[in-house]
Each structure stands twice: as C-alpha cells, then as structure tokens.
Amino acid sequence: MLARDRLVVALRARGIADERVLSAMATVPRHEFVPDTLEPHAYDDMPLAIGWGQTISQPFVVAIMVEKLALRGDERVLEVGTGSGYAAAVCGSLAARVDTIERIDELADLAEARLMRLGYDHVHVHRGDGSLGLPGFGPFDAIVVAAGAPDAPPSLLAQLAAGGRLVMPLGSVHDQHLVRITPAEHGTYSQRDFGDVRFVPLIGAEAWPERSVH
C-alpha cells in the first residue's frame, strides 16, 4: 500500500468521513511541501518543521479543519498562515478560489513558487498580517486559520459571507481548542468546539503581539 493510501486509511479510522476531503488528502503530494530531509516522513500523521519556527500541520489536523469548512466546490476560501502551502493546496482541491496570507516573506515566496509549479493557479499567496485578513478580496465563504489566537479577529468575522464559516484554534499561546464560528442572527455568531489542538500563535494586530510569544 502506498504511503498516501495508508494515510487515508488512518484518517478514516480517526473519523474523517468527507470523501472529498479524503480524496484531496490522497492526491495532494505532501512530500512536495516538506524539506527534502524530511521527505521519508511526509505521509506520517505528524507535524514537521519547515523553518522560521513554523511547521506543516499534522495531516489529521489539516483534514479535520478542512472537513469542518464543508467545502462543496464553488467557494471562495481565505487561509491565514500559508506556511508551506500544503493546506492551501488541499483547500484548492475542494474550492473555486483560495487566497492565503503569510506574514513571513521567505515562507510566502517558497509556497508561491511551489504552488505555481504544482499547478495550483487558483491559489493566490499574499503577504501581510493574517489577523486582518484580506478586506479587498472578501467576503469569503470559508476562512481557515492555521495559528492560534485568544479570540476570533474581528476583521476575519467581518469578511465572512452570509452562511460562511470560520475554523480556527482559540485559546492561550500554548494550548487551544479548534472551533467553528458561523454568523447567527442580529450580528451575533454561534460557535462549536471540536476539541484540543496546539498551533503556533497567530501574530498580528488582532491576535498576539509578537513580544508576547517570546
């Protein structure tokens, strides 16, 4: 059995049930998104270091976050925290357009080149403060944030389309809960908790100040 197929079996065993998500996890070449020295571990269900203090998320975490977005193919997606570009590629396999934003220029440059080389030309890499989103490009049907914040940034909530969903980790710098936030009535939002996760902190004007995470 190929490593990708073993990964899908493991994801299914852990409760990932959306067949479109499982297909994307099977087809996106994760080995293209990790450093060469870590390629033998590319399909292990674990996070891997990609430099600049960042990681490529554990496949199960990517799968559950994307599954909770409930993508059907015609959505506009915002991803905050491009990193290697892997999760953006997974979203790009399931949505019409993905805009992804990264605050570390070197990671953004590498991810952009990688995504272009692999043919994800409907995935667009931006550089900047992810906590502010991309107000000139919204509203977005789905927003996924690959870094933890104390609260949902107001700018991201404002960029959700009607019926949209925001999936992100909320909590302390070191420990968070994965939540999905959806617009409700009269400018309010509903929130559902999917359990404990641990992400790097979201640095930005509407998240953690950089000095607080050192």
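Strand 8 (residues 176-183) and strand 9 (189-197) form a hairpin with 5 residues between them, and histidine 186 in its turn has a positive phi of about 55 degrees. The model is predicted: local features need pLDDT of at least 70, side-chain atom pairs count only at pLDDT 80 or more, and totals for chains, interfaces and linings use all residues. Residues are numbered from 1 along each chain as its sequence is written, and side-chain values use heavy atoms, with hydrogens and water left out.

**Strand pairing**

- Strand 8 and strand 9 are antiparallel and share 7 bridges; strands pair if DSSP finds at least two bridges between them.
- Helices (H or I, at least four residues) and strands (E, at least two) are DSSP runs, numbered from the N terminus.
- A hairpin is also formed by strand 1 and strand 2, with 2 residues between them, and tryptophan 52 in that turn has a positive phi of about 55 degrees.
- The antiparallel strands 1 and 2 are joined by 3 bridges, and leucine 48 faces isoleucine 56 of strand 2.

**Largest pocket**

- The largest pocket holds about 730 Å³ of space.
- On a 1 Å grid over the protein atoms alone, a pocket is an open set of points with protein on both sides within 12 Å along at least five of seven lines, whereas a cavity is a set where a 1.4 Å probe fits but cannot get out; lining residues have an atom within 4 Å of a point.
- Grid points are joined across faces, edges and corners, and the volume is the space filled by probe spheres set on the points.
- The lining comprises 45 residues, and Ser57, Ala146, Ala147, Phe199 and Val200 lie nearest the pocket centre.
- Elements giving two or more residues to this lining include strand 2 (54-56), helix 3 (59-69), helix 4 (86-92) and strand 9; helix 3 gives the most, with 6 residues.
- By class, the lining has 26 nonpolar, 13 polar and 6 charged residues, where Ala, Val, Leu, Ile, Met, Phe, Trp, Tyr, Cys and Pro count as nonpolar, Asp, Glu, Lys and Arg as charged, and the others, Gly among them, as polar.

**Helix 3**

- Helix 3 is largely enclosed by the rest of the structure, because 11 of its 11 residues are buried; buried means under 20% relative accessible area, exposed over 50%, and partly exposed in between (1.4 Å probe, protein chains only).
- The buried residues of helix 3 include the charged Glu67 and Lys68.
- Alanine 70 follows helix 3 and has a positive phi, near 55 degrees.

**Aromatic rings and charges**

- The structure holds 1 aromatic pair; rings of Phe, Tyr and Trp (its six-membered ring) pair if their centres lie within 6.5 Å, with planes under 30 degrees apart counted as stacked, over 60 as edge-to-face and the rest as tilted.
- The pair of phenylalanine 33 and tyrosine 86 is edge-to-face, because the ring centres are 5.8 Å apart and the planes stand at 65 degrees.
- This pair links distant parts of the chain, 53 residues apart: phenylalanine 33 lies in the loop between helix 2 (19-27) and strand 1 (48-51), and tyrosine 86 in helix 4.
- Phenylalanine 33 is buried at 1% relative accessibility, and tyrosine 86 is buried with a relative accessible area of 1%.
- The charged end of arginine 30 sits over the ring of tyrosine 86, 5.5 Å from its centre, a description that requires NZ of Lys or CZ of Arg within 6 Å of the ring centre and within 35 degrees of the ring normal.
- The charged end of arginine 14 sits over the ring of phenylalanine 60, 3.8 Å from its centre.
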